[in-house]
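Student: I have a structure open here and have not looked at it before. Can we go through it together?
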Amino acid sequence: MKVRLARALQSQGFGSRRGCILRVRRGEIAVNGEVCENPDAEFDAEGLVFTLDGADWPYRERAYLVMHKPAGYECSHKPSHHPSVFSLLPAPLVERGVQCIGRLDQDTTGLLLFTDDGQFQHRMISPKKQVAKHYRAACADAVSDAQLAALCAGVQLNDEPAPVAALAAERLDGRSLRLVLAEGKYHQVRRMVAAAGNHVTALHREAVGAYRLPDDLAPGAWRWLDAEGLSQLEQPWPSATY
Ligand code: URA
């Protein structure tokens, strides 16, 4: 696929069409290592790299990102009490409209996905697709067999017409458990654990589908997802995650 320079820059979140044309004409943009002053110059999208403001920026038709969400950040463009996770992303990604795929609570840590691909976002959050979300929860009290059985059989949550069941629930040590869910209802893990008779004191999302949060992604850091990561995300349950 061929793309025109100013239009491609705009699509990546580098400002208005007019602004991108001006920046190109001023010689501020290098393409694959060479300055190009023609806003209408055409390039192969495959492997295209812009250099601007001293940094390289690979062209991506769609953005798919993974972040290690730190505690104390809200998954909202208009946060009320804490900074926004969007403040941890470079401005062009926010400008091009990436959205969180499912929200994590302000104090939840772990795997958070972003995209500007609406169809992908829908596939990931639709309960029909049964994409597994894997959580590790620390609890106030010892996790009992009865609590694990209730979580798997289904617990009644306020405002839900029918009991909600986990795909899997397993004790990790005395006071922590792993819960795998197919949906992403509001405060779902905390509410389910409360309904089963315990209380979540800390929550971390460790995987989605068969994709695990990379060990080398520090809290607050993000990276692009590659094709392998994307296909792991969409792997149906039960998937070999651990
Ligand atoms: N369930 C919760 O209760 N909180 C989260 O952040 C995610 C799932």
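This is a predicted model: local features need pLDDT of at least 70, side-chain atom pairs count only at pLDDT 80 or more; totals for chains, interfaces and linings use all residues.

Student: What does Asp105 use, then, a polar side-chain atom or something else?
Tutor: Asp105 places a polar side-chain atom 2.7 Å from a nitrogen atom of the ligand.

Student: How much of the ligand's accessible area does the protein cover?
Tutor: On its own the ligand has 240 Å² of accessible area, and the protein covers 96% of it.

Student: Which pocket is it in?
Tutor: The ligand sits in the largest pocket. Around the ligand are Leu104, Asp105, Thr108, Tyr135, His187, Gln188, Val189, Arg190 and Leu203.

Student: How do those split by class?
Tutor: The shell has four nonpolar residues, three polar ones and two charged ones.

Student: Which helix gives the largest share of the shell?
Tutor: Helix H6, residues 188-195, with three residues.

Student: Let's zoom out. How is the chain divided?
Tutor: Into domain 1 (2-58), domain 2 (64-125 + 214-233) and domain 3 (132-208). The centres of domain 1 and domain 3, taken over C-alpha atoms, are 47 Å apart.

Student: Why does the ligand lie between domain 2 and domain 3?
Tutor: Because both domain 2 and domain 3 give residues to the shell around the ligand.

Student: New topic, the backbone. Which peptide bond is cis?
Tutor: The one from Trp237 to Pro238 is cis, with omega near -5°. Pro238 is in the segment after helix H7 (227-233).

Student: What is the phi of Gln130?
Tutor: Gln130 has a positive phi of about 55°, although it is not a glycine. Gln130 belongs to the loop between helix H4 (118-125) and strand E10 (133-139).

Student: Why bring those two up?
Tutor: Because most residues other than glycine have a negative phi, and most peptide bonds are trans.

Conventions
Residues are numbered from 1 along each chain as its sequence is written. Side-chain values use heavy atoms; hydrogens and water are left out. Domain bounds come from an automatic or database domain assignment. A residue is near a molecule or strand if one of its heavy atoms lies within 4 Å of it. A polar contact is a pair of N or O atoms within 3.5 Å; within protein, one must be able to donate a hydrogen and the other to accept it, and residues adjacent in sequence count only if both atoms are side-chain atoms. Accessible areas come from the Shrake-Rupley method with a 1.4 Å probe; for residues, only the protein chains shown count as cover. On a 1 Å grid over the protein atoms alone, a cavity is a set of points where a 1.4 Å probe fits but cannot get out, and a pocket is an open set with protein on both sides within 12 Å along at least five of seven lines; lining residues have an atom within 4 Å of a point. A molecule sits in a cavity or pocket if more than half of its atoms lie within 2 Å of its grid points. Helices (H or I, at least four residues) and strands (E, at least two) are DSSP runs, numbered from the N terminus. Ala, Val, Leu, Ile, Met, Phe, Trp, Tyr, Cys and Pro count as nonpolar, Asp, Glu, Lys and Arg as charged, and the others, Gly among them, as polar.
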